[in-house]
Each structure stands twice: as C-alpha cells, then as structure tokens.
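Welcome! Take a moment to look over the sequence and the 3D structure before reading on.

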Amino acid sequence: MELTVWRTFVTVCRLGSLSAAAAELHHTQSAVSRQIAGLERQLGVTLVERHPRGVRPTPAGEVFRRHAKVTLDEADRAVRAVREVQDGAVDRLLAIGATPSLAAGIVPEAVRHLLERGGSHRWSLLPGLSAALHHRVADGDLDIAVVTDTPPGLPHDPRVDRRFLGLDAMAVVLPTGHPRAGRGPVHIRALAGETWAEDNDGSAALLRRHAARAGVDARIDLAAADLPGKLALVATGHAVALVPGILTGTLRTDVVPVPLVDPPTRGIYAITPRRDPHPSAALLRDLLAGAFGPLHTT
C-alpha cells in the first residue's frame, strides 16, 4: 500500500470531508474518493461512512486511522532524519517511547531536566502499550521506552536492558456525585456492585485480580478506546474505573480519584537496546529513576 493513500485517508478522517481533504492535499475530490475506495478494496472493509455533514470513519476505519497515523509520523521522521544527515547535521534523534499514562507527565518532565543538563537535543515521543514498545526497542526503532509490567508482563529479552524505576499504586476514579467520592480510601468490596469501564486488557487484568483477592467480582461492562474515553464514562456517571496512581493529580475536574485499600500495583521500567545505545539514553534513564522513585515507589 502506498503511504500517499494512507495520508489521504488520515486527512479525510481529520477534516471529516472529502472536499476539504482534496483542497488541503491539492487533489480533486474525485481523486480522493478513488483513493479511499481503492484502500477499502485492498483491506476488504468499509473505512468511511457518509452523513449529511461529511464523512466519518467506521469502527474498522478508526482502528486503521490510528495505526496509519503512527506509521505516517514515523515515515515523516525518517525523511527528516535523512535530510538532516544530508545537510550535515550530526545530532542523533533521541527516540523515546512511553505508555500513555507515563507519556502524560513523568517522561516529558524527565526530558525537560535532560535538556536543562545537556543543552539542545532532538527528541521524539511515541505513546504505546508496553508490549509494542518493547518490540520497537528490541528492533532498534526506539532508544528508550518507559513501560509497565501489567499483565501479561514484560518478556525477558537479551536484546534489551531493563531497569526498575518504581511501583505505581493504582487508584479508582468516581463520578463527582458518587457516595464514596471524597471520603478517603475505599475497599474494593464497597464497589462490588458498580459497573466498571476499562480501556486495555492489562488494566482489566489488574482489576479482576484485585477484586478476586477480596472475594468479589468486578463487572467490566463498558469498554473505552483509551484513557480519555474511560474517564468520560466515569464523568457522565456510567461507570467507575481503575487508573494509574501517577495520573491522579492531572485528571479532569469532573471525576474524583480515590485511593484503594491495599491497591494493585504495577512496576515501572525503563528499557534500552543493548546494541548501539543512544549517548543520552542512560542519563534520561537516571533522571526518570530519580524523579519517579521518591514520589511514587511504595
């Protein structure tokens, strides 16, 4: 598949209009329609559906859009890197990966300290799930990734070095009007009758394991595509949810984080490739360890 067609599809999804995408990409609307139709034939699924105000991706189209966007971003970075080498630039890009919760705070903060210590650095940040980030480090696509050992855990891989950074205690988020909101630590048994929302298998496994230890079931009836979607379900009163403890100070204001009694925890690790390590990766790893440990280890 040609990346040009992928870029067309991502642009159509972003703008919600074939004509607007055609104008931005300097194509005709019929050319954009043909590209989308050809992509649908290749994949064997319908990617967009038309509605009175334009187009929107189907569920299959949304899945493809997310993966296509990551691929296009990486392709753009590759082109920039080649051009910079050709122009005589020798500063090596520091490619960082992190799970969404870690990419939302602790990693950017550590990078800020890295830049303050080491001057100008070119860097990129790719959010993703731990298993995918591990493979990208092992394959040499990332110089460092900050990941968790939530189920199914991290593999033992001789291609990477792994350093433990700390433990993160999970918390529960409740709607603002919930009877337990603002009343201090809550036991999972007090939430046995609640509907739970989850956005990934690892967090769901932690929740089920924690509930099982207490002799209750956690009824996960609602699924969200990501953390913002999960929080939206909580904010509108449809569910309660498990969230990383490191995020409790940065959540939207219409949900209330509450500590759990004897909470489930997840280990946080920095992984780096053993082959051809980036010169700044070790310092960033040390900064992460220093910042994470005092604040979040248990």
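## The model and its ground rules

This is a predicted model, in which local features need pLDDT of at least 70, side-chain atom pairs count only at pLDDT 80 or more, and totals for chains, interfaces and linings use all residues. Residues are numbered from 1 along each chain as its sequence is written, and side-chain values use heavy atoms, with hydrogens and water left out.

## The chain as a whole

The chain has ten helices and twelve strands. Here helices (H or I, at least four residues) and strands (E, at least two) are DSSP runs, numbered from the N terminus. The C-alpha trace spans about 60 × 50 × 35 Å along its principal axes.

Of the 298 residues in the chain, 44% are buried. Buried means under 20% relative accessible area, exposed means over 50%, and partly exposed lies in between (1.4 Å probe, protein chains only). Among contacts (heavy atoms within 4.5 Å) with a separation of 6 or more, 72% come from residues 24 or more positions apart.

## Helix α2 and its neighbours

Let us begin with helix α1 (residues 3–15) and helix α2 (residues 18–25), whose axes come within 8 Å and cross at roughly 125 degrees. Axes are lines fitted to C-alpha atoms, for helices over the stretch in contact, and angles run from 0 to 180 degrees between N-to-C directions. α1 and α2 are therefore oblique to each other; angles under 35 degrees count as roughly parallel, over 145 as roughly antiparallel, 65 to 115 as roughly perpendicular and the rest as oblique. On the α1 side, the contact is made by Thr-8, Thr-11, Val-12, Arg-14 and Leu-15, and on the α2 side by Leu-18, Ala-20, Ala-21, Glu-24 and Leu-25. Sorted by class, the contact of α1 with α2 has six nonpolar, two polar and two charged residues. Ala, Val, Leu, Ile, Met, Phe, Trp, Tyr, Cys and Pro count as nonpolar, Asp, Glu, Lys and Arg as charged, and the others, Gly among them, as polar.

α2 also packs with α3, at an angle of about 105 degrees and with the axes 8 Å apart. That makes α2 roughly perpendicular to α3. Leu-18, Ser-19 and Ala-22 in α2 meet Gln-29, Val-32 and Ser-33 in α3, a contact with three nonpolar, three polar and no charged residues. Which residues of α2 are buried? They are Leu-18, Ala-21 and Ala-22. These residues cover an arc of only 100 degrees around the axis, which puts them on the same side of α2; the arc is that of the directions from the helix axis to the C-beta atoms. They pack against α1, α3 (29–43), β1 (48–51) and β2 (54–57). After α2 comes His-26, with a positive phi near 60 degrees.

## Helices α8 and α9

Helix α9 (residues 227–235) has Leu-227, Lys-230, Leu-231, Val-234 and Ala-235 as its buried residues. Seen down the axis of α9, they fall within an arc of 140 degrees, so they line one face of the helix. Their cover includes β7 (171–175), β8 (195–198), α8, β10 (240–243) and β11.

Ser-203 lies in helix α8 (residues 201–213) and counts as buried at 7% relative accessibility. Not counting residues up to four places away in sequence, Ser-203 touches Met-170, Glu-198, Lys-230 and Leu-242.

## A buried residue in a strand

Val-172 lies in strand β7. With 0% relative accessibility, Val-172 counts as buried. Leaving aside neighbours within four places in sequence, the contacts of Val-172 include Val-186, Leu-191, Trp-196, Val-240 and Val-256. From Val-172 to His-156 the separation is 16 residues in sequence and 31 Å in space, C-alpha to C-alpha.

Pro-151 and Pro-152 are joined by a cis peptide bond, with omega about 10 degrees. Pro-152 has its place in the loop between β5 (144–148) and β6 (160–169).

Asp-262 is not a glycine, yet its phi is positive at about 50 degrees. Asp-262 sits in the loop between β11 (255–259) and β12 (265–273) and counts as exposed at 55% relative accessibility. Asp-276 has a positive phi near 55 degrees and is found in the loop between β12 and α10 (281–296). With 53% relative accessibility, Asp-276 counts as exposed.
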